Amino acid sequence: DEAGFGGRCFGAAMAIRDILFHGKGVVVIASNDALGDTGLISGHAAVLYLGRYWDAEGDHDLEHIKDYARFEVDDADYATRYSEYTGKAWDVKAATTVSVHHYPDGIAMWPDRETDYDEFADKLFAALKLKSESSAEGAH
């Protein structure tokens, strides 16, 4: 949706890595550096597999993943948070500087986010089952 994943992308990335790619692939998090200075992880998580970045919407290039961590300079919520925590002005550099972090072994889910993983895992299993049944019917 247009509002983003609301932090649920971590659970989706782990489920995609574990279920679709059988534990292979690297969980990647693109995050805004300036907001990281305030203790806020704001960006997007996906799985790097065979040169493409996969999230709940499909496969993408790295720039698409990084775009989730780039913000408008006139975004008052982020500007206020950044200024209050750091004493610095929210500017173009702060709004758009992104780091990409790779986690080959995945990431530990926060306890309150484990249900995100379970929800995405259930959806993936259901989709795979439906595809398998559809393929079996087409073989007859």
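**Exercise 1. A threonine in a loop**

In this predicted model, find the polar contact between the side chains of Thr38 and Arg81. Then work out where Thr38 sits and whether Thr38 is buried or exposed.

*Solution*

Step 1. The side chains of Thr38 and Arg81 make a polar contact at 2.9 Å.

Step 2. Next, locate the residue: Thr38 belongs to the loop that runs between α2 (33-36) and β2 (43-49).

Step 3. Look for a backbone partner too. A polar atom of the Thr38 side chain lies 2.6 Å from the backbone oxygen of Leu35.

Step 4. Now list the neighbours. Leaving out residues up to four places away in sequence, Thr38 touches Arg81, Tyr82, Tyr85 and Thr86.

Step 5. Finally, check the accessible area. Thr38 has a relative value of 6%, and buried means under 20%, so Thr38 is buried.

**Exercise 2. The largest nonpolar core**

Which residues of the largest nonpolar core touch the most other members, and which element gives the largest share of this core?

*Solution*

Step 1. This core has 16 residues, and Ala15 and Ala45 touch the most other members.

Step 2. Two or more residues come from each of α1 (9-20), β1 (26-32), β2 and α6 (114-138).

Step 3. The largest share is that of α1, with eight residues.

Step 4. Zoom in on Ala45: not counting residues up to four places away in sequence, Ala45 touches Cys9, Phe10, Ala13, Val28, Ile29 and Asp55.

Step 5. There is also a second, separate core of eight residues, including Ala34, Tyr82, Trp90 and Ala94.

Notes:
Residues are numbered from 1 along each chain as its sequence is written. This is a predicted model: local features need pLDDT of at least 70, side-chain atom pairs count only at pLDDT 80 or more; totals for chains, interfaces and linings use all residues. Side-chain values use heavy atoms; hydrogens and water are left out. Helices (H or I, at least four residues) and strands (E, at least two) are DSSP runs, numbered from the N terminus. Buried means under 20% relative accessible area, exposed over 50%, partly exposed in between (1.4 Å probe, protein chains only). A polar contact is a pair of N or O atoms within 3.5 Å; within protein, one must be able to donate a hydrogen and the other to accept it, and residues adjacent in sequence count only if both atoms are side-chain atoms. Contact means heavy atoms within 4.5 Å. A nonpolar core is a set of buried Ala, Val, Leu, Ile, Met, Phe, Trp, Tyr and Cys residues joined through side-chain atoms within 4.5 Å.
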